[in-house]
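These are notes for a colleague who has not seen this model before. Please read them with the structure open.

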Amino acid sequence: MRKFSKNKGSFLGLSLSGSATVLLSIVTFIVAMWVLITVTRVAIG
Amino acid sequence: MWQRFTLYDLRVIGHYLGTLIIFSAVVMLVPFLTAVAFQEWEPAARYLSAAGLALTAGALLRFLRIEPGRLGRRQALAVTGLAWIVLAWIASVPLYFSGHYATYLDALFDGVSGLTTTGASIIIDLDHLSNADNMFRFMMHLLGGLGLIVVALSFGLFGKRAGASLYSSEGRNEHVVPNVVQTTQFISRITVTVVSVATVVIAVLMLLSGMAPVRALLHAFWVSISGFVTGGFTPMTQSIMYYHSFPLEFVLMVLMILGSVSFVIQAEAGKGRVGAFFRDIETRTMIIWVAAITFVFTLTLGSDSLFSDLPALLRRGMFMIVSAFTTTGFQVITVNQLTTVLTSGAFLVIALLMAVGGGAGSTAGGIKLSRVGIIWKSIVSTVKEALAPDSARVVVAYSHVGRRVLSPEVVKEAMTVFVLFVSTYALGALVGVAHGYDATQAIFESVAMTSNGGLITGLAAPGMPVTLELFYIFQMWAGRLEFVTLLALVVEMAVSVAPRGKAGAR
């Protein structure tokens, strides 16, 4: 627990940049899936 | 030789079980206070009585005196395995007397479904359930999603020595930090943070769509819990479809995926080690697996005229994919549409997604992505060994909180749990078929129960055959505990009641 609370720029002991990256990755993942669905759907007509 | 439970073992198991039952009484105070706040006097009386029942039973069990701090591995397995059944039984009491269940077994089914975060519900007239009963359903999700033992440990209910054995018996053997209590406190803290933030965001979205403020806040809190612990209960019969809000569905998708990412990887990212998150075997398996399956899902639905338009695929299809692979069980299409509008191919794809599930050490169920990744690595290792010269030593490594070398023990564990999951999926399907149900639906429902996925096709319904209901309860329980705890408990109990001569001869 020590390591979490000593981070600079932390929110409740969690690194803001690390947590934001995970959130952004998940959003990107969802958008990438949408692109995949669109491309596949358009390709098969 | 199998070891029997001694009388002292039973005392230790009873004592710790008593502690957990008392803890469940404290949890019941949340729906009680909700009932008081909303002046729902009948549910208030029910939850007060149930809390009293739990306090009495727990206190009586705590009379069993033991040496403090001593809890062996076998005893821990029994405490955990039994706790999930005993607490579900206690939870079913106030639910049954709500009058929203056709039979007592239906209430027990919902209790087990809530605690195991399966999310399949066979409640009658959900839309008119009291706020207190709803609050209790989501408290069960929260408690079960994090793990009964994890929550109890984070409150420091057991000593450190007892905690280590208990923690690893609940299908959670990964530590964020070496100390078990600190690990459980981290898991609880990250959950409180995520659920709080999500509640605010979702409440705003609900307010904007015209819901009354208090109702919006309650619904936002409930679906936030249900989404993050990948549970699947919703306060309305129509599930997430009730809200008709695309932004809400998007937030829930993010929440569900976050809930299916291992807490260990989240902790690594929380420490600022973002590279570890992207290199992890689970993250990579998830990306490849979900991308491949989305491709197949789009192809199979694209060939059908009913569900092939792009907006429906992007909104409904994508949400169903996320809901299935995170084993949440939120629905944005009706049960009828699931069985009649989707192609059988899309139906199978959703079942496969639930069967594999999310990350180990997360709140998701199923076989788990890490095991699938490890089995894949094992196949790679076998092929490499076949091609390498006799003198060569093949080393296959993977990344999971640091670089790890693939060892036979890791592969054995992954293979064993994989086989147990697949066997139970098949067995459950056979039980469904034996009750006269359609094979595809029986397979789907069996997978949904064992993986704690919770997307159902209507087999699990009020008034379902008792034998099928009991088997589904067993599947939910076994799947949540990942079989080993359950099998160990059953074998121990069988050996303990067997005549001494026979047990000793083994």
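How many residues of chain A are in contact with chain B, and with how many residues of chain B? The count is 27 residues of chain A against 37 residues of chain B. The model is predicted, and the points below should be read with that in mind.

1. Chain A on its own. The secondary structure of chain A consists of two helices and two strands. Taken along the sequence, their pattern is α-β-β-α. Chain A has 45 residues, and 33% of them count as buried. Its accessible surface is about 2,700 Å², with 71% belonging to carbon and sulfur atoms.

2. The interface between the chains. Chain A and chain B bury about 3,100 Å² between them, and carbon and sulfur atoms give 82% of that area. On the side of chain A that touches chain B, at least two residues each are supplied by α1 (2-6), β2 (14-15) and α2 of chain A. The largest share of that side, 18 residues, comes from α2(A).

3. The rule finds zero salt bridges between chain A and chain B. For polar contacts, the count is one residue pair, with both residues at pLDDT 80 or more.

4. A nonpolar patch with residues from both chains. Which residues make the nonpolar surface patch of about 300 Å²? They are A:I44 from chain A, together with B:F295, B:V296 and B:L299 from chain B. Helix α14 of chain B, residues 281-302, gives the largest share of this patch, three residues. A:I44 belongs to helix α2 of chain A, which covers residues 16-44. A:I44 is classed as partly exposed because its relative accessibility is 37%, a value between the limits of 20% and 50%.

5. A glutamine in chain B. Is B:Q266 buried or exposed? B:Q266 has a relative accessible area of 7%, so it is buried; the cut-off for that class is under 20%. B:Q266 sits in helix α12 of chain B, residues 263-270. A polar atom of the B:Q266 side chain lies 3.1 Å from the backbone oxygen of B:V261. B:V261 is also one of the residues in contact with B:Q266 when neighbours within four places in sequence are left aside; the others are B:I190 and B:L258.

6. Backbone angles to check. Most residues other than glycine have a negative phi. B:K368 is not a glycine, yet its phi is positive, at about 95 degrees. B:F483, also not a glycine, has a positive phi of about 70 degrees.

7. Where these two residues lie. B:K368 is in the loop of chain B that runs between α17 (344-356) and α18 (369-387). Its relative accessibility is 4%, and B:K368 therefore counts as buried. B:F483 is in the loop between α21 (466-480) and α22 (484-497) of chain B. B:F483 counts as buried because its relative accessibility is 3%.

Definitions and conventions: Residues numbered from 1 in each chain as written. Chains lettered and ligands numbered in written order. Heavy atoms only, no water. Patch = residues over 30% accessible without salt bridge, like charges linked within 9 Å, V, L, I, M, F, W, Y side chains within 5 Å. Areas by Shrake-Rupley, 256 points an atom, 1.4 Å probe, with all protein chains shown as cover. Salt bridge = Lys/Arg side-chain N within 4 Å of Asp/Glu carboxyl O. Helix = DSSP H or I, 4+ residues; strand = E, 2+ residues; numbered from the N terminus. Buried < 20%, exposed > 50% of the residue type's maximum accessible area, 1.4 Å probe, protein only. Contact = heavy atoms within 4.5 Å. Buried area = accessible area lost by both parts, 1.4 Å probe. Polar contact = N/O pair within 3.5 Å; in protein donor to acceptor, adjacent residues only side chain to side chain.
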